[in-house]
Amino acid sequence: MERAGEEEVEVEAEAEAPVPLSDGERLIIQDTWAKVYLNSEDVGVAILLRLFSNSPSSKRLFSQFRDVEDPLELERSSQLRQHALMVMKAINTVVENIHNDDKMASVLKSVSKVHAIRHNVDPGYFKILCVAIIEVLGETYPEVVTAEVAAAWTKLLANICLKVAAVYEELGWTSENQDHH
């Protein structure tokens with residue numbers, strides 16, 4: 001079952017100002033991430049596989065493995081693993097710079113521009129990816145991801161989605177952009 005584009009458009013429409021993280025939330029995120037990043041490739045793969053499970057239409061965005069149907073073959077795909085590592089490195093850069101809003105904004109602007117301009121990815125997929133991240137972290141590290149940890153990560157990821165949406169807006173992105181490719 002594929003998710004409708006309408007859901008993504010609704011998500012975009014609820015843009016608001018990011019809510020700053022408290023120092024305690026920043027420390028929680030950094031502490032959690034230190035544990036997660038030790039296993040970054042496997043966690044990244046699990047996150048992308050969850051993205052495809054939660055939103056089957058997202059898989060079509062990846063030309064290099066969109067036609068791989070066998071879940072085990074997909075999990076072993078070097079291209080999927082390579083992209084998973086890129087996702088994890090981007091998150092790592094955000095977490096490393098969690099006290100530096102300018103650096104975080106710079107990283108997110110770069111990632112957003114590449115996904116909007118080069119890959120034509122609807123910004124709604126970032127929100128779906130963020131849900132996948134929370135789910136995988138909670139399932140993979142249940143002893144670490146308490147309610148308080150999940151709340152801090154949810155807040156960070158919501159802020160990331162808002163910043164990504166703002167970059168897309170600056171670029172003049174509309175849902176019609178997808179129809180031109």
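**Labels and their grounds**

Guide: Leu 27 has 53% relative accessibility, so Leu 27 counts as exposed. Keep in mind that this model is predicted.

Visitor: What makes 53% enough for "exposed"?

Guide: The label exposed applies over 50%. Leu 27 is at 53%, and therefore counts as exposed. Leu 27 belongs to helix 2.

Visitor: Why are helix 2 and helix 5 called roughly antiparallel?

Guide: The axes of helix 2 (residues 23-37) and helix 5 (residues 78-96) cross at roughly 150° and come within 10 Å. Angles over 145 degrees count as roughly antiparallel. Therefore the two helices are roughly antiparallel to each other. The crossing is left-handed.

Visitor: Which residues make the contact of helix 2 with helix 5?

Guide: Helix 2 brings Ile 29, Gln 30, Trp 33, Val 36 and Tyr 37. Helix 5 brings Met 88, Lys 89, Ile 91, Asn 92, Val 95 and Glu 96. Seven of these contact residues are nonpolar, two are polar and two are charged.

Visitor: Which residues touch the most other members of the largest nonpolar core?

Guide: Ile 29, Val 43, Ile 47, Ile 91, Trp 153 and Leu 156, in a core of 50 residues. Membership requires a buried residue, under 20% relative accessible area. Elements giving two or more residues to this core include helix 2, helix 5 and helix 8 (147-170). Beyond its neighbours within four places in sequence, Ile 91 contacts Trp 33, Ile 133 and Trp 153.

How values were computed:
Residues numbered from 1 in each chain as written. Predicted model: local features only at pLDDT ≥ 70, side-chain atom pairs only at ≥ 80, totals over all residues. Heavy atoms only, no water. Axes fitted to C-alpha atoms, helices over the stretch in contact; angles between N-to-C directions. Helix = DSSP H or I, 4+ residues; strand = E, 2+ residues; numbered from the N terminus. Parallel < 35°, antiparallel > 145°, perpendicular 65-115°, else oblique. Left-handed = near helix turned anticlockwise from the far one by under 90°. Contact = heavy atoms within 4.5 Å. Nonpolar A, V, L, I, M, F, W, Y, C, P; charged D, E, K, R; others polar. Buried < 20%, exposed > 50% of the residue type's maximum accessible area, 1.4 Å probe, protein only. Core = buried A, V, L, I, M, F, W, Y, C linked by side-chain atoms within 4.5 Å.
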